[in-house]
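Colleague: Could you take a close look at the salt bridges here, and say which parts of the chain they join and how exposed their partners are?

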Amino acid sequence: MTFLSRRRFLTISAASAACPAIASPATAARWRGSALGAPASMQLVGLTDTQARPVFAAVEAEVTRLEDIFSLYRPKSQLSRLNRDGFLLQPAPELLSLFSLCTVLYQNSGGAFDPTIQPLWAALINGDDATTARKSIGWNKVTVNNDVIRLPYPGQSALTLNGVAQGAITDRIAALLRSQGLQDVLVDMGEIAALGQRHDGRDWQVGLAGAESQITKRISLRDRAVATSDSGNLMLTDAHGHILSPAGQTPARRVLSVSANSAALADGLSTALCALSDGDIPSVLNRFQDARLEMKV
């Protein structure tokens with residue numbers, strides 16, 4: 001199982017701040033490799049191969065570093081150690097920041113967004129009795145301090161960040177590229193962050209795929225992010241969708257895309273909204289002034 005499950009290919013495109021946005025420079029450095037367990041590519045417009053080499057290396061190193069914090073599938077990641085030991089000393093600032101967002105999402109979605117659902121996943125996958133797993137669910141039971149994070153029931157509690165970490169990594173890679181002097185950036189790592197504009201001066205154009213992976217809608221993005229969640233994407237098992245409500249039910253099949261000022265927020269909201277009824281979605285969205293529902297099919 002790879003950390004990344006919703007995308008088979010990751011793409012990053014950026015232009016040097018020295019390149020006029022209205023022009024389409026012939027110079028472009030290209031890289032192909034892997035990131036988040038999937039094939040990946042980067043195109044940096046306005047940089048030679050020599051100039052781009054340290055940027056490519058920095059992106060690769062940052063993705064690896066962040067996976068070593070957030071990934072559920074790396075045994076030595078901070079998240080895996082927390083799940084194994086029931087506590088984590090000196091958590092990374094990135095983990096604390098993401099947990100803060102998790103608290104906001106949990107509180108404002110009526111508990112629909114809840115990273116403590118991981119034991120229930122495990123019980124359903126293994127065909128075990130889910131009664132004990134359900135008792136361990138509740139993000140409000142997790143203790144988060146700057147120097148230590150503690151789970152409520154060591155040996156029983158466990159967290160998953162698959163509904164929000166992908167967006168957080170997308171945000172951080174976009175910020176890294178900006179720090180390297182690249183002003184117009186499109187990062188597609190399962191969730192999409194669009195900074196600046198295209199080389200022709202227009203907003204970035206993004207296609208949103210529906211239930212059959214067909215483009216259902218196209219939207220324009222500038223300094224904004226969008227994330228899509230599919231409650232029917234059979235990621236872990238052919239009997240249960242990858243989005244599960246804390247009560248243990250798989251919601252009715254729907255695909256939702258949410259845009260926001262960060263990919264992490266868009267990612268978490270799109271996940272939470274998939275677990276809510278249609279009637280509850282507007283009230284939750286209204287609590288996030290910058291968020292917008294872009295597609296629901």
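Modeller: In what follows, buried means under 20% relative accessible area, exposed means over 50%, and partly exposed lies in between (1.4 Å probe, protein chains only). This is a predicted model, in which local features need pLDDT of at least 70 and side-chain atom pairs count only at pLDDT 80 or more, while totals for chains, interfaces and linings use all residues. Residues are numbered from 1 along each chain as its sequence is written, and side-chain values use heavy atoms, with hydrogens and water left out.

Counting a salt bridge as a side-chain nitrogen of Lys or Arg within 4 Å of a carboxyl oxygen of Asp or Glu, the structure holds 14 of them. One of these pairs aspartate 203 with arginine 222, whose closest N and O atoms are 2.5 Å apart. Aspartate 203 sits in the loop between strand 8 (192–195) and strand 9 (204–209), and arginine 222 in the loop between strand 10 (215–221) and strand 11 (224–230), so the pair ties together parts that are 19 residues apart in sequence; helices (H or I, at least four residues) and strands (E, at least two) are DSSP runs, numbered from the N terminus. Aspartate 203 is partly exposed at 24% relative accessibility, and arginine 222 is partly exposed at 37%.

A salt bridge also links arginine 292 and glutamate 294, at 3.0 Å from N to O. Here arginine 292 is partly exposed, with a relative accessible area of 42%, whereas glutamate 294 counts as buried at 10%. Elsewhere, salt bridges with shared partners join Glu62, Arg65 and Glu94 into one network.
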